[in-house]
Amino acid sequence: MAQQSNPPIDLEQLNQISEGDIEFEIEVLQVYVEDILQRIEKLRGAVASNDINLTMREAHHIKGASSNVGALQMQSLAAKIEKLDQSEDLHPVLEILDDMLEKMKDIELFITKKSANII
């Protein structure tokens with residue numbers, strides 16, 4: 001498998017919040033992953049019930065949390081949801097959620113690799 005040219009986490013952003021503390025970075029990312037996976041499920045439910053307000057709220061939270069930890073690809077996907085025409089069907093969000101889940105796998109792998117480097 002080829003090396004990813006675009007890492008799932010912006011290391012500069014992560015380093016700014018952690019001040020270089022790798023264990024803290026791992027902890028922050030683990031909490032982030034748990035939170036975002038729950039929010040992705042909330043988003044699925046919101047789409048299923050056509051709840052535009054909840055969809056936009058969860059997308060906004062994901063965008064902000066992703067920005068904070070440097071998960072810029074996730075931030076971009078959440079921004080796509082926020083930009084959707086609210087008068088339209090929310091089903092395009094489901095495809096974005098699938099993309100988000102793939103990005104979360106990349107972030108989890110990133111955490112695993114980062115954890116292996118501190119042992």
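Me: What pattern does the chain follow, read along the sequence?

Reply: Helices (H or I, at least four residues) and strands (E, at least two) are DSSP runs, numbered from the N terminus. Here the chain reads α-α-α-α-α, with five helices and zero strands. Keep in mind that this is a predicted model, where local features need pLDDT of at least 70 and side-chain atom pairs count only at pLDDT 80 or more, while totals for chains, interfaces and linings use all residues. Residues are numbered from 1 along each chain as its sequence is written, and side-chain values use heavy atoms, with hydrogens and water left out.

Me: What share of the residues count as buried?

Reply: Buried means under 20% relative accessible area, exposed over 50%, and partly exposed in between (1.4 Å probe, protein chains only). Of the 119 residues here, 35% count as buried.

Me: Which residues touch the most other members of the largest nonpolar core?

Reply: In soluble globular proteins, nonpolar side chains tend to be buried together. A nonpolar core is a set of buried Ala, Val, Leu, Ile, Met, Phe, Trp, Tyr and Cys residues joined through side-chain atoms within 4.5 Å. The largest one here has 29 residues, and Tyr32, Met74, Met100 and Ile107 touch the most other members. Two or more residues each come from α2 (22-48), α3 (52-69), α4 (72-83) and α5 (92-116), and α2 gives the most, with nine.

Me: What does Ile107 touch?

Reply: Contact means heavy atoms within 4.5 Å. Leaving out residues up to four places away in sequence, Ile107 touches Pro8, Ile9, Tyr32, Val33, Ala71 and Met74.

Me: Where does Glu19 lie, and is Glu19 buried or exposed?

Reply: Look at the loop between α1 (11-18) and α2. Glu19 has phi near 55 degrees, a positive value in a residue other than glycine, and counts as exposed at 75% relative accessibility. Asn50 also has phi near 55 degrees, but sits in the loop between α2 and α3 and is partly exposed at 45%.
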